[in-house]
Amino acid sequence: MPRRRSASVPPAPRRATRHGRHGRLGRSPVVRPPLPALDGRIDTFDLTVSTAVDFLCSVWPELRDVRVEVAAMPSIDDPDGMPRWYVDAAHHRIVLFRVPIERLLVPGHDDLAHRRIAIESAVFRAAAEYTGREPWDLGPHGFHDH
């Protein structure tokens, strides 16, 4: 006589139609998924500064010995206003101040493109002050007509 199942017993779980090696189910990955890309304001600032500095160092050999640093705010008072960079030629050092560069943009021009232009402009102007040139002369052939 066939056995009857009671209604309270659930049916046996079905096996997955695809099995891994030796009939086992796939295993969990050993490593976790990759971390999200760094796209914060500070990371974007550092990346923009480093690409501008790499360009300038590839064009001007006298800038290869310069150490470019990023600080949040200047610790010195300037009667002319808020400094955006500090050049110490004696110690081959340029310090860029992130907060004044980013925050002192013209209202309405604080999107990503204008922020990047402001950062690159500060790098070029600080390098020009260090080398004693005009910022427009720092390109490979200059950015203006002679």
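Glu102 sits in helix α2, which covers residues 98-103; helices here are DSSP runs of H or I with at least four residues, strands are E runs of at least two, and both are numbered from the N terminus. Please keep in mind that this is a predicted model, where local features need pLDDT of at least 70, side-chain atom pairs count only at pLDDT 80 or more, and totals for chains, interfaces and linings use all residues. Residues are numbered from 1 along each chain as its sequence is written, and side-chain values use heavy atoms, with hydrogens and water left out.

Is Glu102 buried or exposed? Glu102 counts as buried because its relative accessibility is 4%, and buried means under 20% relative accessible area with a 1.4 Å probe and protein chains only. Leaving aside residues up to four places away in sequence, Glu102 touches Arg41, Phe45 and Arg115, where contact means heavy atoms within 4.5 Å. From Glu102 to His114 the C-alpha to C-alpha separation is 9.5 Å, with the two residues twelve apart in sequence.

Now to the sheet. Three strands form an open sheet in the order β1-β3-β2, with mixed pairing; two strands pair if DSSP finds at least two bridges between them. At the edges are β1 (67-71) and β2 (85-88), each pairing on one side only. From one strand to the next, the twist averages 15°. Strands β2 and β3 (residues 93-97) run antiparallel and are joined by four bridges. Trp85 stands opposite Leu96 in β3.

Axes are lines fitted to C-alpha atoms, for helices over the stretch in contact, and angles run from 0 to 180 degrees between N-to-C directions.

| Helix | Lies across | Angle |
|---|---|---|
| α1 | β1 and β3 | about 160° to β1 |
| α3 | β2 and β3 | about 25° to β2 |

Finally, the cavity. On a 1 Å grid over the protein atoms alone, a cavity is a set of points where a 1.4 Å probe fits but cannot get out, and lining residues have an atom within 4 Å of a point. There is one cavity of 30 Å³ or more, and the largest cavity holds about 80 Å³ of space; points are joined across faces, edges and corners, and the volume is the space filled by probe spheres set on them. Its lining includes Val53, Leu56, Ile94 and Val123. Helices α1 (41-59) and α3 (112-131) each supply at least two residues of that lining.

Notes
1 Å grid on protein atoms, 1.4 Å probe; cavity = no way out; pocket = protein on both sides within 12 Å on 5 of 7 lines; lining within 4 Å. Buried < 20%, exposed > 50% of the residue type's maximum accessible area, 1.4 Å probe, protein only.
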